[in-house]
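Please view the sequence and structure before reading on.

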Amino acid sequence: MANTPLLKVDSVGIQFGGLKAVSGVNVELYHGELVGLIGPNGAGKTTFFNLLTGVYVPTEGHIFLNDEKLNGLVPYQITRKGISRTFQNIRLFGDLSVLDNVKVAYHSLAKHSIVSSILRLPSHFSGEREMEKKAIEFLKIFKLDKLKDEMAKNLPYGQQRRLEIARALAAHPKLLLLDEPAAGMNPQETKELMELIAFIRKEFNLTILLIEHDMPLVMGVCERIYVLDHGQLIAHGSPEEIRNNPKVIEAYLGEEVL
Ligand SMILES: Nc1ncnc2c1ncn2[C@@H]1O[C@H](COP(=O)(O)OP(=O)(O)OP(=O)(O)O)[C@@H](O)[C@H]1O
Ligand SMILES: [Mg+2]
């Protein structure tokens, strides 16, 4: 149904000791949307992603993907349900090749069994070949195919960020969570990355939630924006509404980002 949200977050929160890192957050994302999540440092943005992906279990509220409750599922189960992410601090297997970093994502979803791979049955090898072909297709989209045998740790920073997105996509997500994907990139790399995000969103029929500190950038690509401050949602609306919202301006006071 067109008006059923893909993701519904209902009054979700988590408390660490005395600190409510996220509290009473309501978010709804619909199929095909590109939505921004912003807020000052320490606002709870990454913690929110950790709640959506099962790294943390919410101490309040509920999370639904396509009406199915996700609370209590562990990260790999949530990946299988259709949520993939990238990390604020890049997490690649540095000593593995670029290609293997993407193949790892396939292995987590692979249908062929461990038994068939131990016994080296034909189904295992055809599965591997198929996986490799698909992984290379993803690398092409990110212009990383020529670097497929390079160790991930040897790639320049911008390419490592792109590889992380390629790996997240390889798990066939419905919802892709990007945690500051442009951090550390130069303006040209950032521009190309945003074009790439717009492309993969269409190509893979994705819904995307984007955490990003660069305000003009978020305002330029996102249709809607949620704003977190001290763990609570303080605003939600179009870029124009957010830019003019007094609570948002106050939260960012002194940062000169709007
Ligand atoms: N595992 C944890 N234990 C205790 N406190 C935590 C934990 N994880 C996060 N926090 C706290 O929760 C708050 C929100 O942190 P979070 O990393 O989510 O912010 P953020 O909005 O992503 O900030 P930034 O823009 O700097 O990335 C911070 O005060 C942080 O110290
Ligand atoms: Mg963060």
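Which helices and strand each supply at least two residues of the lining of the largest pocket? They are helix 2 (75-81), strand 6 (83-85), helix 3 (98-107) and helix 6. The model is predicted, with local features needing pLDDT of at least 70 and side-chain atom pairs pLDDT 80 or more, while totals for chains, interfaces and linings use all residues. Residues are numbered from 1 along each chain as its sequence is written.

**Largest pocket**
- The largest pocket holds about 510 Å³ of space; a pocket is an open set of points on a 1 Å grid with protein on both sides within 12 Å along at least five of seven lines, and lining residues have an atom within 4 Å of a point.
- Its lining comprises 19 residues, of which Pro75, Thr79, Arg85, Phe87 and Arg167 are the closest to the centre.
- Helix 2 gives the most to this lining, with four residues.
- Domain 1 (1-82 + 173-258) and domain 2 (96-172) each contribute at least three lining residues; the domain bounds come from an automatic or database assignment.
- By class, the lining has eleven nonpolar, five polar and three charged residues, where Asp, Glu, Lys and Arg count as charged, Ala, Val, Leu, Ile, Met, Phe, Trp, Tyr, Cys and Pro as nonpolar, and the others, Gly among them, as polar.

**Cavity**
- One cavity of 30 Å³ or more is present, a cavity being a set of points where a 1.4 Å probe fits but cannot get out.
- The largest cavity has about 50 Å³ of space.
- Residues lining the largest cavity include Leu51, Tyr56, Ile63, Asn71 and Ile78.

**Helices 6 and 7**
- The axes of helix 6 (residues 157-170) and helix 7 (residues 187-203) come within 11 Å and cross at roughly 10°, so the two helices are roughly parallel (angles under 35 degrees).
- Gly158, Arg162, Ile165 and Leu169 of helix 6 meet Glu189, Leu193, Leu196 and Ile200 of helix 7, with contact meaning heavy atoms within 4.5 Å.
- This contact has five nonpolar, one polar and two charged residues.

Terms used: Chains lettered and ligands numbered in written order. Heavy atoms only, no water. Axes fitted to C-alpha atoms, helices over the stretch in contact; angles between N-to-C directions. Parallel < 35°, antiparallel > 145°, perpendicular 65-115°, else oblique. Points joined across faces, edges and corners; volume = space filled by probe spheres on them.
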